[in-house]
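Subject: Structure handover

Hello,

Here is the structure I promised you. Please open it and keep it beside this email as you read.

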Amino acid sequence: MSDNRQSLADLAALTGATPPEPAAVAAAPAEATPDHSEAPAADEAPVSTQGPQIQAILREQELDKYGRAYATGRRKNAIARVWLKPGSGKIVINERDQEVYFARPTLRLVINQPFGITDRAGQFDVIATVKGGGLSGQAGAVLHGIAQALSRYEPTLRTTVKRAGFLTRDSRVVERKKYGKAKARKSFQFSKR
């Protein structure tokens, strides 16, 4: 306490001002605090208690003229265009049913993940067109597109889908082949003689 007073006195001597008295210093913040805390407290109360809710309110539902949510999904070299609308849970890919297009059950599990994590299984119909890449990449692209479209149809589900990592585009692609190499990194057999 005495160190603070001494440093204030030294500062006052250097600047040529008179040092404030300890009672005045203690009284000044006490008077300023109630006035400062009352006005912003009324303004800040809704912001601090409803911070995450305001973020969800800022996003609006994005629908086309037919009442569908549209999104584009990508994975490896595959690109999927996805339309989502309320329905019975039917998924059509390239004008074929999901059981026909994605014959492997694991691929069907992949594209249904966003509905499972948001408890919306069987509530939306999906129409998707996919091109490029192989079946695994196409399934990943449809998954990405469904997750994007779901977050556009119901913006409140965005945090759930994002935490699961479905809104993030998986940027891993095949590495290009280099000249002088058999593949991207594989070398030809070395012969010393």
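Below is what was found, from the whole chain down to single residues.

**Ground rules**

This is a predicted model, so local features need pLDDT of at least 70 and side-chain atom pairs count only at pLDDT 80 or more, while totals for chains, interfaces and linings use all residues. Residues are numbered from 1 along each chain as its sequence is written, and side-chain values use heavy atoms, with hydrogens and water left out.

**The whole chain**

The chain has seven helices and five strands. Helices (H or I, at least four residues) and strands (E, at least two) are DSSP runs, numbered from the N terminus. Along the sequence the pattern reads α-α-α-β-β-β-β-α-α-β-α-α.

Of the 193 residues, 26% count as buried. Buried means under 20% relative accessible area, exposed means over 50%, and partly exposed is in between (1.4 Å probe, protein chains only). The chain exposes about 13500 Å², and carbon and sulfur atoms supply 55% of that. These areas come from the Shrake-Rupley method with a 1.4 Å probe; for residues, only the protein chains shown count as cover.

Now contacts, meaning heavy atoms within 4.5 Å. Take those with a separation of 6 or more: 66% of them join residues 24 or more positions apart.

**The core**

The largest nonpolar core has 30 residues. Such a core is a set of buried Ala, Val, Leu, Ile, Met, Phe, Trp, Tyr and Cys residues joined through side-chain atoms within 4.5 Å. Those with the most contacts inside this core are L84, I93, F102, I111, F115, V126 and L150. At least two residues each come from β1 (69–75), β2, β3, α5, β5 and α6. Helix α6 gives the most, with nine residues.

Look at L150. Leaving out residues up to four places away in sequence, L150 touches L84, P114, F115, T118, F124, L157 and V161.

**Helix α5**

Helix α5 covers residues 105–117. Its 13 residues reach 18 Å from first C-alpha to last, close to the 18 Å expected at 1.5 Å a residue. The expected span is 1.5 Å times one less than the number of residues.

Where does α5 kink? A kink of about 45° lies at I111, shortly before the proline P114. The bend is the angle between axes fitted to the seven residues ending at a residue and the seven starting there.

The buried residues of α5 are L107, R108, I111, P114 and F115. Their cover includes β2 (78–86), β3 (91–93), α4 (98–101), β5 (124–131) and α6 (135–153). Just after α5, D119 takes a positive phi of about 55°.

- E154 lies in the loop between α6 and α7 (158–163). Is E154 buried or exposed? It is buried, with a relative accessible area of 19%. A polar contact of 3.0 Å joins the side chains of E154 and R120. A polar contact is a pair of N or O atoms within 3.5 Å; within protein, one must be able to donate a hydrogen and the other to accept it, and residues adjacent in sequence count only if both atoms are side-chain atoms.
- T72 sits in strand β1. T72 is partly exposed, at 25% relative accessible area. Its side chain makes a polar contact of 3.0 Å with that of Y70.
- R68 lies in the loop between α3 (51–58) and β1. R68 and L84 are 16 residues apart in sequence and 5.4 Å apart in space, C-alpha to C-alpha.

Best wishes
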